[in-house]
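Visitor: Could you walk me through this model? I'd like to jump between topics as they come up.

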2 protein chains.
Amino acid sequence: MKTVLVLGAGRSSAALITYLLDYAEKSKNKVLVGDLSYEQAQAKVNGSAHGRAIRFTIEDEPQSSEAIRSADVIISLLPPHHHVAVAKYCLAHRKHLLTASYVSDDMKQLHQDAVEKKLLFLNECGLDPGIDHMSAMEIINRIKQHGGKPKSFESFTGGLIAPETDPQNPWRYKFTWNPRNVVTAGQGTAKYLYNGTYKYIPYQQLFKRTTAIHVPGHGEFEGYANRNSLSYITPYGLQEIKTILRGTLRHKGFCSAWNVLVQLGCCDDTYRMDNVAGMTHHGFIESFLEAGAGSARQRLARQLGLDAEGGEMQRLAWSGFFEDEPIGLPEGTPAQITEHILNKKWKLHPDDKDMIVMWHRFVYEHDGEEREIQSSLVVTGEDSIHTAMAKTVGLPLGIAARLVLEGKIKSTGVQLPVHAEMYLPILSELKEYGIYFQEQQRIL
Amino acid sequence: MKTVLVLGAGRSSAALITYLLDYAEKSKNKVLVGDLSYEQAQAKVNGSAHGRAIRFTIEDEPQSSEAIRSADVIISLLPPHHHVAVAKYCLAHRKHLLTASYVSDDMKQLHQDAVEKKLLFLNECGLDPGIDHMSAMEIINRIKQHGGKPKSFESFTGGLIAPETDPQNPWRYKFTWNPRNVVTAGQGTAKYLYNGTYKYIPYQQLFKRTTAIHVPGHGEFEGYANRNSLSYITPYGLQEIKTILRGTLRHKGFCSAWNVLVQLGCCDDTYRMDNVAGMTHHGFIESFLEAGAGSARQRLARQLGLDAEGGEMQRLAWSGFFEDEPIGLPEGTPAQITEHILNKKWKLHPDDKDMIVMWHRFVYEHDGEEREIQSSLVVTGEDSIHTAMAKTVGLPLGIAARLVLEGKIKSTGVQLPVHAEMYLPILSELKEYGIYFQEQQRIL
């Protein structure tokens, strides 16, 4: 009998733990779920005979060490900065580790130790990062195997809401993930490669320089660039690529409206504003506007050269930014206040369904022709607990854990799921859960 | 016989040291000039019988302690982060200290010690900060003494070039001060008060939200807001003020052209670009542009919604940003590269004359009327050594040193020159050097 230990029983863990409990039943294995809150862990185990809840605090060394020692594979859903601490226990007790988080520099440094102990530390094995890597690698290797030469790769992923959820919401968006990260997204400079030239997009241009995306059967979307698109050239084996751009996907019209908040300075998280306790939504916007004639909405439109009745202003108005409603925070940075105002209408309600959209576009040379593959994934959640996000993050981790337990992954060390022994069985099993890509090919 | 010790014999010290040597001759006092470079210190002393050059390194403790012990008043022109070290020697040896730099938090903490030892640590006693404080306080106190009530205060200062210098230069600007600070100016959020409301301007709006400034006899200028305009409300005694805005002054048209560099991300100093060694000016701009049809100049104009032949593009073209000229740096951040390209045409030539422009606008209530005072100062340099900048920074320090030596300043502790015992004699003596304000008053 083998044991999988899941660390963290929060929002994103439901689909993963359900998968692992089902698998444990079939395989006579066991699932241990550890969380700061014993009750939360217990709720996720949900009385299964194959599961057990424990209280887990990474700061409690004897407890952490013992929990990790008692399992065979560890899945860490803890905040990313705790992964290295978990990894060190895994090294000490010779356990495999899986996460859905980006590989940190500290994690990278454990590669040689993990290799020597024949351990797999598999990271970026969720949705984004995760399914994006796997689905891209499947296509890249297919193109190469047929003698094609990849020239361009663009890839965008977004966590949105389903068409039937909140149909009046003109943003077609709610907070389905860490709201703070959504509000501060894109600060810094995005870097990508276009036609062999390094390109840089500062924050102030990011939401203006979008890529138009059409997903057959699902409509029009747009994407803005992520911070560093270049870091996957090597792991993807795309050293000859001329264009590579990875980014975040939103419904069409989102970015130009969001850009208004960016241009005003509403997403700045570096200073606390004055008089927040007595401030209204309208007063918040006013503090970023030039004085002059007309309403805040009119002056804002004028200041940014927009139509006062256009889509950007409609979205901001829908979110209540021009209302004389008290913000309701005692203090805060502009980003905290913006998050708080948005959350009044962007909070996920129990019956809301989220929707994940992932889109890749490859251009490659084949027999002297230039060809294109577009590939897209759309997954809709069931409700605010059984979200598409939890499913698409959790299932790849669960399947990877199964593969590890069954000895089907030979790679060791700090890895991404870019190897066929990982992505082929994971993508194949994801299909059984309705998680699969639609592909269109054409000659350019 | 008393001794003034000047620490730092760089570009900005000439006028100060000349003033002190002249005064030393009349008063039978002495001037000690310390610099990392003995030769540079000696050049500034210029053979005067009343001066002596010494080698000075703040890191050399015995040398620093002895130099400061041997003098009566210390003027530190060292980089601002060294002032506190100097101040501590001043406390140890009971010496007065003068600087032209902003009071740091560390400096503030020495206030009580300085008071107890009856020492004056006078900071912000140059041009900006310095003459701006003194000239503003003279007007504020005059308004109050006549029963007026200040409602609004705006103040802008800039270091520019004289009309006869580089007449083809459409920016009407060259680097007359630390170029790095010019390129990175305004990063962060500017904060001011307008009509009783706190206002915030993020970097991406800063060079768009300018104040138009007319200086009689000198033409049209514009100003952008400094980081924090609120910090002088208390020292200026303006607790009732409704509007306060301090900023930087440029020739009309400068800011919208500079804004192009800001919007593109050319002033970002947080990351190193790739392939700088092989990059041209044109390639540098290209790396911030969207791909598409047309020249870089055309695409840039389109991307930012500007006229390809308008003033912004003309200024950038004059600076060579669209040329296929190698940058000539082995590596660099965008800000470093921008500085390097600009410096090819903005470096001060020996005969170039700089020009300082300072402008204040006060609105106040008086006998039920609303009145306005505009006050402006224009000072032109003689050449690239005897600059208006060196003169307007150095003379207030020199005069303050004289007042201290003559026992005419009673204030002790960490101070700004906002007290009449300082600003009245300093402003009065500055007039003898051609440094004086023109004032216009009107009823609104």
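Guide: A salt bridge here is a side-chain nitrogen of Lys or Arg within 4 Å of a carboxyl oxygen of Asp or Glu. With that in hand, a search of the whole structure, which is a predicted model, finds 48 salt bridges over all chains.

Visitor: OK, and what about A:Arg299, which residue does it form a salt bridge with?

Guide: The partner of A:Arg299 is A:Glu286, and the closest N and O atoms of the two are 2.7 Å apart. A:Arg299 belongs to helix α12 (residues 296-303) of chain A while A:Glu286 belongs to helix α11 (residues 281-286) of chain A, so this pair ties together parts that are 13 residues apart in sequence.

Visitor: How many salt bridges are there between chain B and chain A?

Guide: Between chain B and chain A the count is four salt bridges. One of the pairs across the two chains is B:Glu286 with A:Lys199, whose side chains meet with an N to O distance of 3.2 Å.

Visitor: And polar contacts, how many residue pairs between chain B and chain A?

Guide: With both residues at pLDDT 80 or more, 20 residue pairs are in polar contact between chain B and chain A. On the side of chain B that touches chain A, at least two residues each are supplied by β8 (189-194), β9 (197-202), α9 (203-206) and α10 (254-264) of chain B.

Visitor: Which element gives the most to that side of chain B?

Guide: That is β9(B), which gives four residues to the side of chain B that touches chain A. Sorted by class, this side of chain B has twelve nonpolar, eight polar and eight charged residues.

Visitor: How much area do chain B and chain A bury between them?

Guide: The size of an interface is often given as the accessible area lost when the parts come together. For chain B and chain A the buried area is about 2,600 Å², with 46% of it on carbon and sulfur atoms, and the contact takes 28 residues from chain A and 28 residues from chain B.

Visitor: Switching topic, what domains is chain A divided into?

Guide: Chain A is divided into domain 1 (3-123), domain 2 (131-255 + 350-388 + 438-443) and domain 3 (272-332). Between domain 1 of chain A and domain 2 of chain A, the C-alpha centres lie 29 Å apart.

Visitor: Now the strands of chain B: in what sense do β13 and β14 pair, parallel or antiparallel?

Guide: Strand β13 (residues 354-366) and strand β14 (residues 369-380) of chain B pair in the antiparallel sense, over twelve bridges, and among the bridge partners are B:Met358 and B:Leu377, the latter in β14(B). The hairpin of β13(B) and β14(B) has two residues between the strands, and there B:Asp367 takes a positive phi near 50°.

Visitor: How many bridges join β14(B) to β16?

Guide: Six bridges join β14(B) to strand β16 (residues 438-443) of chain B, and these strands run antiparallel; B:Ile373, for instance, has B:Gln441 in β16(B) as its bridge partner.

How values were computed
Residues are numbered from 1 along each chain as its sequence is written. Chains are lettered from A and ligands numbered from 1 in the order in which they are written. This is a predicted model: local features need pLDDT of at least 70, side-chain atom pairs count only at pLDDT 80 or more; totals for chains, interfaces and linings use all residues. Side-chain values use heavy atoms; hydrogens and water are left out. Contact means heavy atoms within 4.5 Å. Buried area is the accessible area (1.4 Å probe) that two parts lose on being put together, summed over both. A polar contact is a pair of N or O atoms within 3.5 Å; within protein, one must be able to donate a hydrogen and the other to accept it, and residues adjacent in sequence count only if both atoms are side-chain atoms. Ala, Val, Leu, Ile, Met, Phe, Trp, Tyr, Cys and Pro count as nonpolar, Asp, Glu, Lys and Arg as charged, and the others, Gly among them, as polar. Domain bounds come from an automatic or database domain assignment. Two strands pair if DSSP finds at least two bridges between them.
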